[in-house]
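Visitor: I'm new to this one. Can you walk me through it?

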Amino acid sequence: MEPQQIREGYLVKKGTLLNTWKVVWVVLSEDGVEFYKKKTDQSPKGMIPLKEATLSSPCQDFGKRTQVFKVTTAKKQDHFFQASHVEEREVWVKDIKRTIACLGGGKKFARRSTRRSIRLPDTVNLMELYSLMRDQDDGIKELKLEQENHVFNYCFTGATVVEWLISKEKARNTTEALMLATGLMNEGYLLPAADLSKEAAESGDKSVFLDQTDAFYYFADSGFFCEGYSSDEDVLIKEEFRGNIVKQGCLLKQGHRIKNWKVRKFILRDDPAFMHYYDATKVESEIIVHSDNYMTFQYPVFQKDDEPLGSIHLRGSVVTAVDFVPDAKRYDIEGNLFEIITSDDIHYFLQAATAEERKEWIRAVQDVSKSGK
């Protein structure tokens, strides 16, 4: 029987022999990690066995190259992977750790069963509860919170969740509220945002949701992002980088002059509505928060050679899913395609890793193109 596929997507991997970083298509299965040069390749470039392996995250061996995690095999071979943003790194790390634990215990991979682990009643509908929490009028308000020189955007505290559940009569007391919150977290509706909440979520066999004002969480489909803080008052901020980061990740993009396809890291910002794309293998720019008397801005401080390769001004643009792109078949590019047409009639063709991811990008770009300037 073929091993079950658990997760797949684009990551940047450090070469085993050469000190180079390249984008690869990665597939996590029940017994190991396979990586491919292209998503359409039939044979992997390599396979990393996970039995008796260890995982280190975050891995800080490479200075300003962030979002790196390290897998060390039983034979002490190190493999380094880099995600495009912290949330992407966390989901890979969580599933790889669980795979290693299952292999060690002789168990089949399975994500935690919320109802069994915390005895959640069958009558509780977590999806319905999550929708109520996301309600713009009566739900939990997403805030910008600061902690230890970091700013956490679009998040809230564990104490807020517990208070909301009790005030809306979804729970009779703190114990019941914590049970529901833990269920929402285990099912991936709520995610831990900072070190304290992450450590509690990964402690022992059971995840723990913290009813504390210094434990931060965020909605799975929110625009959450974390950024560093600088008190430098003399920075000139480029206008197109003033917007909040709404979404980020890797997409396959067709070139304009040479119609080949390359994986790029995209960052979508609102107000002004811009989508910047970068060489995914380069060291990340540092994100700084700059405040004046009226507004707070986030902007990148670029390292050498890591400025955007290009930008798409989205105000008034149109984005649609497409089934066909000229010259795409020549490069084995099929499925999950979408097109952005700017107000200047420039066409950009992109491919997401999955149908669900394409839907998320299209929705996010549509929202930004209507609301951003």
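Guide: We'll go through rings, helices and charged side chains in turn.

Guide: This is a predicted model, where local features need pLDDT of at least 70, side-chain atom pairs count only at pLDDT 80 or more, and totals for chains, interfaces and linings use all residues. Residues are numbered from 1 along each chain as its sequence is written, and side-chain values use heavy atoms, with hydrogens and water left out.

Visitor: Okay, rings. How many aromatic pairs are there?

Guide: The count is ten aromatic pairs. Rings of Phe, Tyr and Trp (its six-membered ring) pair if their centres lie within 6.5 Å; planes under 30 degrees apart count as stacked, over 60 as edge-to-face and the rest as tilted. Phenylalanine 69 and phenylalanine 81 make a stacked pair, with 5.7 Å centre to centre and 25 degrees between the planes.

Visitor: Where do phenylalanine 69 and phenylalanine 81 sit in the chain?

Guide: Phenylalanine 69 is in strand S6 (residues 68–72) and phenylalanine 81 is in strand S7 (residues 78–82). They are twelve residues apart, so the pair links distant parts of the chain. Helices (H or I, at least four residues) and strands (E, at least two) are DSSP runs, numbered from the N terminus.

Visitor: Is phenylalanine 69 buried or exposed?

Guide: Buried, because its relative accessibility is 0%. Phenylalanine 81 is buried too, at 2%. Buried means under 20% relative accessible area, exposed over 50%, partly exposed in between (1.4 Å probe, protein chains only).

Visitor: And why is the pair of phenylalanine 156 and phenylalanine 219 called tilted?

Guide: Because the planes are at 50 degrees, with the ring centres 4.7 Å apart. Phenylalanine 156 is in strand S9 (residues 150–157), and phenylalanine 219 is in strand S11 (residues 216–219), 63 residues apart. Phenylalanine 156 is buried at 0%. Phenylalanine 219 is buried at 0%.

Visitor: Which residues do ring pairs link into a cluster?

Guide: Tyr130, Phe156, Tyr189 and Phe219.

Visitor: What lies over the face of phenylalanine 81?

Guide: Lysine 13, at 5.8 Å from the ring centre. Lysine 13 also lies over the face of phenylalanine 35, at 4.6 Å from that ring's centre. A charge sits over a ring if NZ of Lys or CZ of Arg is within 6 Å of the ring centre and within 35 degrees of the ring normal.

Visitor: New topic, helices. Which residues of helix H3 are buried?

Guide: H3 covers residues 126–133, and its buried residues are Leu126, Leu129, Tyr130 and Met133. They fall within an arc of 100 degrees seen down the axis, so they line one face of the helix. The arc is that of the directions from the helix axis to the C-beta atoms. The face turned away from the buried side of H3 carries exposed Met127 and Glu128.

Visitor: What happens at the start of H3?

Guide: A side-chain oxygen of asparagine 125 comes to within 3.1 Å of the backbone nitrogen of methionine 127.

Visitor: What do the buried residues of H4 pack against?

Guide: Against H3, S9, helix H5 (174–186), strand S10 (190–192) and S11. H4 spans residues 158–167, and its buried residues include Val161, Trp164 and Leu165. Contact means heavy atoms within 4.5 Å. After H4 comes glutamate 169, whose phi is positive, near 60 degrees.

Visitor: Now charges. Where is arginine 89?

Guide: In helix H1 (residues 86–105). Arginine 89 is buried, with a relative accessible area of 8%. Its side chain makes a polar contact of 3.2 Å with that of glutamine 67. A polar contact is a pair of N or O atoms within 3.5 Å; within protein, one must be able to donate a hydrogen and the other to accept it, and residues adjacent in sequence count only if both atoms are side-chain atoms.

Visitor: How many salt bridges does the structure hold?

Guide: Seven. A salt bridge is a side-chain nitrogen of Lys or Arg within 4 Å of a carboxyl oxygen of Asp or Glu. Glutamate 176 forms one with arginine 172, the closest N and O atoms being 2.4 Å apart. Arginine 172 is exposed, at 71%.

Visitor: What about lysine 359?

Guide: Lysine 359 pairs with glutamate 356, with the closest N and O atoms 3.8 Å apart. They are three residues apart in helix H7 (residues 355–371), so about one helical turn separates them. Salt bridges that share partners also join Arg89, Glu90 and Lys198 into one network.
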